[in-house]
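Please have the sequence and the structure open while I talk.

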Amino acid sequence: MADNNSLVGGEVSLQLIDKIIIVQILVMIFLCINSLLIITFFRKECFYTTARYILFAVTLLSDSLILFMSNILVILNHFGFTMQVWMCVITSAVVLLYMRVTPVTLTVMTLERYVAICMPLRHAELCSTRSTMHCILIIHGLSSVPCIVVLSTFFASASFSLYEQHRLCTVEMLILYRWQSHVRSAVHEFYFLIMAIIIVFAYVKIMKVAKAASGEDKKLSWKGLRTVILHGFQLLLCLIQLWCPFIETAVIQNNVTLFINVRYSNYILFGLAPRCLSPLIYGLRDETFFHALKNYVFFGLYKRNI
C-alpha cells in the first residue's frame, strides 16, 4: 500500500513539473508578443493619439501585468514558498484590479466601435485623446469596485493575528467564509451582465448600419461587427473563469489527480487564453498596426506608408 501511494505521489509530482514547464513556455510566448506590440504602439505617434489604439495598449499592459504576477504566484505555490498575509493581500488587490481592467476596457472598446460606425460625425469629439485619458481613469475606477468589495469583506472577517501568519499566496485566501464567495460572485456577475448588455446593444446597432450601408462603409461596418463578436467571446471566457473555483472545490474532494488536471486546464483556457486574444484582435487584424509591427520586426526593411 505504501509503495502504491509513493508511486501515485511521484506521478502527480511529474505531472506538476510538466505542466509548470508548459505554462512557462506559454507565458513567455504571450509576454514576448505583448512586448512587441507595446513597443510598436509607442514608436508611432498616430497610435498613441488614437482612442482605439490607446485602449488597446491599456489591455496589453493589463494583460502583461496579470500574466507576470499570476505566473509568479503559480511558481511560488508550486515550490511551496509562503509569504506574510499582509503582503499577499496587497499582491491579490493588484491582481483583482487588473483582472477586471481588461473586460471593462473591452466593453469601452466596443462602445468606441459603436460610436465610430453609428455616430461617425461625433467620433472625433467623443473619442479624442483627452476623453480617452479620462476614460482610462473611469475604467480603473469601475474595475476597483469588485476589488474593494472583496477586500472589505476580508478586512471585516479577518483577525489582526492573521496578517502576520505565513501562507501560500492565492486570491482565494481572501475568502474566509462561504458568504464572501457569494458576495464576490454576485458583484462579478452583475458587472458581466451589464457588459454583456452593452455588447449586445452595440452588435444590434452596428448590424443595422452594416445592412443599410454600401461600398466601403459596408466593409468597415462588417469588420467592426466581427470585432464586437470577438470581444463578446473574450468576455465569455472571462465570465467562465469566475466559475472555475467552484468547479475546482467540487473536484478536489473526489480526486487529487483530476483536480490538478482541471486547475491546469482552467488556467490555460480561461487564464492565459483571454490574455492572448487582445493581440490577435487589434494587433494582427488591424491593417495599420500590423504593417507597423512588420516594419519594426524586420528592422525597417519592410516599408509601407502608415
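The crossing of H2 and H5 is right-handed, and their axes, in this predicted model, come within 10 Å of one another and cross at roughly 30°. Because an angle under 35 degrees counts as roughly parallel, H2 is described as roughly parallel to H5. On the H2 side the contact is made by Ala51, Ile54, Leu55 and Val58, and on the H5 side by Thr129, Thr132, Met133, Ile136 and Ile139. Sorted by class, the residues of this contact are 7 nonpolar and 2 polar, with no charged residues.

What separates Thr50 from Thr129, in sequence and in space? Along the sequence they are 79 residues apart, while from C-alpha to C-alpha the separation is 6.5 Å. Thr129, as I said, is one of the H5 residues in the contact with H2. With a relative accessible area of 26%, Thr50 counts as partly exposed, because that class takes in values between 20% and 50%.

Let me turn to the pairing of H2 with H3. Helix H2 covers residues 51–78 and helix H3 residues 85–118, and their axes come within 9 Å and cross at roughly 155°. That angle makes H2 roughly antiparallel to H3, and the crossing is left-handed. From H2 the contact draws on residues including Ala51, Leu55, Val58, Ile66 and Leu73, and from H3 on residues including Thr91, Val95, Val101, Thr105 and Arg113. Ala51, Leu55 and Val58 of H2 also take part in the contact with H5. By class, the contact of H2 with H3 has 15 nonpolar, 5 polar and 4 charged residues.

The remaining pair is H3 with H5, where H5 spans residues 129–157; here the axes come within 8 Å and cross at roughly 140°. Is H3 oblique or roughly antiparallel to H5? It is oblique, because only angles over 145 degrees count as roughly antiparallel. The crossing of H3 and H5 is right-handed. In this contact, H3 residues among them Val85, Val89, Leu97, Val104 and Val108 meet H5 residues among them Cys135, Ile139, Ser143, Val150 and Phe155. Its residues divide into 17 nonpolar, 4 polar and 1 charged.

If we leave aside neighbours within four places in sequence, Thr170 is in contact with Asn77, Cys88 and Ser92. Thr170 counts as partly exposed, at 29% relative accessibility.

To end with the chain as a whole, its secondary structure comes to 10 helices and 2 strands, which run from the N terminus in the order α-α-β-α-α-α-β-α-α-α-α-α. Of the 306 residues, 43% count as buried, and the accessible surface comes to about 16400 Å², with 69% of that area belonging to carbon and sulfur atoms. Finally, among contacts between residues at least 6 apart in sequence, 76% join residues at least 24 apart.

Conventions
Residues are numbered from 1 along each chain as its sequence is written. This is a predicted model: local features need pLDDT of at least 70, side-chain atom pairs count only at pLDDT 80 or more; totals for chains, interfaces and linings use all residues. Side-chain values use heavy atoms; hydrogens and water are left out. Helices (H or I, at least four residues) and strands (E, at least two) are DSSP runs, numbered from the N terminus. Buried means under 20% relative accessible area, exposed over 50%, partly exposed in between (1.4 Å probe, protein chains only). Contact means heavy atoms within 4.5 Å. Accessible areas come from the Shrake-Rupley method with a 1.4 Å probe; for residues, only the protein chains shown count as cover. Axes are lines fitted to C-alpha atoms, for helices over the stretch in contact, and angles run from 0 to 180 degrees between N-to-C directions. Angles under 35 degrees count as roughly parallel, over 145 as roughly antiparallel, 65 to 115 as roughly perpendicular and the rest as oblique. A crossing is left-handed if the near helix is turned anticlockwise from the far one by less than a right angle, and right-handed if clockwise. Ala, Val, Leu, Ile, Met, Phe, Trp, Tyr, Cys and Pro count as nonpolar, Asp, Glu, Lys and Arg as charged, and the others, Gly among them, as polar.
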